[in-house]
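Take a look at the sequence and the model below.

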Amino acid sequence: MSTITGARGSSIRRHFIAAYTMLTSTSRSATPDMRIWMLRTTTLQSAPVAMGSVMTLFAASLTIALTGQRWPLAWALVDLAATTVRLRGIFKINAGRAAASELEFEHAVVMLGGLVWVALFGIGAGLMIATGLAPLMMLAALNATGTISLIATRNAATPRYGVLCMMLCDLPFVLAIASRGEPAMLSIAGFAVVLLIGLCAVVMQNNKLLVRKYETERMLIDSAHSDPLTGLSNRKALDRLLTDQAGRGSEPASLTVLCLDLDGFKSVNDDHGHAAGDHLLKVVAERLRHELRKHDDIFRIGGDEFVCVLRDVDSTTTQAVAERIIAALSRPVEIGAERPVAVGVSIGGATVDARDDAATLLAKADGALYEAKRSGKNRYHRAVAPPPHPTRTGA
C-alpha cells in the first residue's frame, strides 16, 4: 500500500513540476541556460506577497462589515493559508535552505501558489461587484486593476505564467460587471477586457526585451572568454572552469588537463611571417576540435600554448587522445609558401586530485609538459600522482 501511495505521490509531483515548467518556459527561453537566467529575474520577494494578502484581508473585512455576509471570512482564511505556504517557500529559497534536488519543486510551489492566490482574488473581486454596493465595487475595481498591472510589470521573464495570472484575476471581475446588464457596466467590462489585452501585449513585449538583454550579455561574456583568432575559449574561461571543477573530491579522476606547446612554431613565424603563423594556429585549433569529443574543452591560453580539458577518462584513454593529437598536429600545413610547414607538439597531462585547486592542477600539467620537452619534444608526459599520506597508527 505504501508503495502505491508513494508512486502516486511521485506521479503527482512530476505533473506538478511539468505544469510549472510549461508555464515558466517559452520558445524564447528554450535553452536551459536562458531559462535559468530568466527565472532568476523573477525575483522571489516576500513584500508583494504579503501586501497582496493585506489587500485581501482589508477587502474581506470591509465586505463583512457592509453586508454581514460570511463568505469573505472563508476567502480570507484560504488566502492566509496560500500566502503562508508561498512565504515559507520564498524564505526557504532565499535563505539557501532548499536542497538542490528540491529547489525546483519549492519554486514551483511558490509560483503555482500564486495562481491560486490570483484566482481567489479575482473571484473575491467578482463577488464584491455582485453585492451592488458602490464602496465595494470601487474597491474591487481598484484591487483588480492594480493587481493585473503589478503582474504585468513583474512577469516579463515568464509571460505564459503572467498572462494566465492576469486572466484568472481579471475575468471573474469582468463577468461580474457584465452580468449587471447596465450599459455603463457593460462599457466598463469592455474596457477591462481591452486593458487586459493591452497588459498581455506589454508582458510579451517586455519578454522580447528581456531575451534581447540576455543575448547581449551572453555575447559580451562569450567575447570576454574567447580567443578572437581561433574561436577557442581563452585563459579567463579556463580559470573559471577549473575553479568550478577542481578540488571536488567526490570524483577525483573525472577531470584531466592536457597542456600543449607547439614545437617549432617560432621558426614558422620567423621564416614566413606572422600571417602564416596565425593561419597555422587556426589549423591547429580545427584539428584539436576534430580529435576531441564534443563535451571536452579546448583553450588557447596564449601564443602557441593550448590546454585541453577531458572529462571522465582514464590514463589509457588519455594516452590515446594525446597520441592522436600529436599525430594530427604533426601533419604538414599549407601556408601558401613553396612547401608546407610542419610543427610538433609536446603535451603534459595531469588528473585532478581531491587536494588540487585550479592553480595546482595547471602547475602539475605544466610541469609534465616541461618534462615532455626536456625528454625530446613531440611527445606526451603524464604527471605522476603523489603517494597518499601514510596513516599514523597509535603506539
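Which residues of β1 are buried on one side, and which on the other? L255, V257, C259, D261 and D263 are buried on one side. T256, L258, L260 and L262 are buried on the other.

## About the model

This is a predicted model: local features need pLDDT of at least 70, side-chain atom pairs count only at pLDDT 80 or more, and totals for chains, interfaces and linings use all residues. Residues are numbered from 1 along each chain as its sequence is written, and side-chain values use heavy atoms, leaving out hydrogens and water.

## A covered strand

Strand β1 spans residues 255–263. Nine of its nine residues are buried. Buried means under 20% relative accessible area, with a 1.4 Å probe and protein chains only. Strands are DSSP E runs of at least two residues, and helices are H or I runs of at least four, numbered from the N terminus.

## Partners in the sheet

Strands of a sheet pair through backbone hydrogen bonds, either parallel or antiparallel. Here, two strands pair if DSSP finds at least two bridges between them.

β1 pairs with β3 (residues 305–311) in the antiparallel sense, over seven bridges. L258 stands opposite C308 in β3. β1 also pairs with β4 (residues 344–351) in the antiparallel sense, over eight bridges. In β4, I347 faces L260 and S346 faces D261.

## The whole sheet

The open sheet has five strands in the order β2-β3-β1-β4-β5, with mixed pairing. β2 (297–302) and β5 (380–382) stand at the edges, each with a single partner strand, so one side of each has no neighbour in the sheet.

How values were computed:
Buried < 20%, exposed > 50% of the residue type's maximum accessible area, 1.4 Å probe, protein only.
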